[in-house]
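Have the sequence and the 3D view ready, and try each task before reading on.

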Amino acid sequence: MIRSELIQKIADENPHLYQRDVERIVNTIFEEIIEAMARGDRVELRGFGAFSVKQRDARIGRNPRTGESVQVEEKHVPFFKTGKLLRDRLNGK
């Protein structure tokens, strides 16, 4: 499902809301999650999962074309851990 499909589904299920309002709500939620993660905060949606940021240390990597060693800088990457309810539904429990 992509963002526009999510917006359309929510709008269809809530005919009392204008689609532009649903779009604004969905975009605001995503922006808040992104901003929280950019600050290094953890975002937990009970039953769904938790978004957090993990730090990857600097290391020596290899260029796959040449085999040459290259320095890879430290970086922060997004991480998602599923909640128990989501895991159980995916596994048919």
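**Exercise 1.** Which residues of α2 are buried? Keep in mind that this is a predicted model.

*Solution.* Start by finding the helix: α2 covers residues 19–38. From its first C-alpha to its last it reaches 28 Å, close to the 28 Å expected for its 20 residues at 1.5 Å a residue. Next, apply the cut-off: buried means under 20% relative accessible area. The residues of α2 that count as buried are Val22, Val26, Ile33, Ala36 and Met37. Now look down the axis of α2: its buried residues fall within an arc of 110°, so they line one face of the helix.

**Exercise 2.** Which exposed residues does the face of α2 turned away from its buried side carry, and what covers the buried residues of α2?

*Solution.* Take the face turned away from the buried side of α2: there you find the exposed residues Arg20, Arg24 and Ala38. Then go to the buried residues of α2, whose cover includes α1 (3–13), β1 (43–45), β2 (49–56) and β5 (75–82). Finally, go back to Arg20: this arginine lies over the face of tyrosine 18, at 4.7 Å from the ring centre.

**Exercise 3.** How many bridges join strand β3 to strand β4?

*Solution.* Locate β3 at residues 59–62 and β4 at residues 69–72. The two strands run antiparallel, and four bridges join them. For an example, pick glycine 61: its bridge partner in β4 is valine 70. Then trace the chain from β3 to β4: they form a hairpin with six residues between them. In the turn, glycine 67 has a positive phi of about 80°.

**Exercise 4.** Which residues do ring pairs link into a cluster?

*Solution.* Begin with the count, which comes to two aromatic pairs. One of them is phenylalanine 48 with phenylalanine 80, a tilted pair at 5.4 Å centre to centre with 50° between the planes. Phenylalanine 48 lies in the loop between β1 and β2 and phenylalanine 80 in strand β5, so this pair ties together parts that are 32 residues apart in sequence. Now try phenylalanine 51 and phenylalanine 80: their ring centres are 4.8 Å apart and their planes at 45°, so that pair is tilted. It links phenylalanine 51 in strand β2 with phenylalanine 80 in strand β5, 29 residues apart. Put together, the ring pairs link Phe48, Phe51 and Phe80 into a cluster.

Definitions and conventions. Residues numbered from 1 in each chain as written. Predicted model: local features only at pLDDT ≥ 70, side-chain atom pairs only at ≥ 80, totals over all residues. Heavy atoms only, no water. Expected span 1.5 Å × (residues − 1). Buried < 20%, exposed > 50% of the residue type's maximum accessible area, 1.4 Å probe, protein only. Arc of directions from axis to C-beta. Contact = heavy atoms within 4.5 Å. Pairing = 2+ DSSP bridges. Phe/Tyr/Trp six-rings, centres within 6.5 Å; stacked < 30°, edge-to-face > 60°. Lys NZ or Arg CZ within 6 Å of the ring centre and 35° of its normal.
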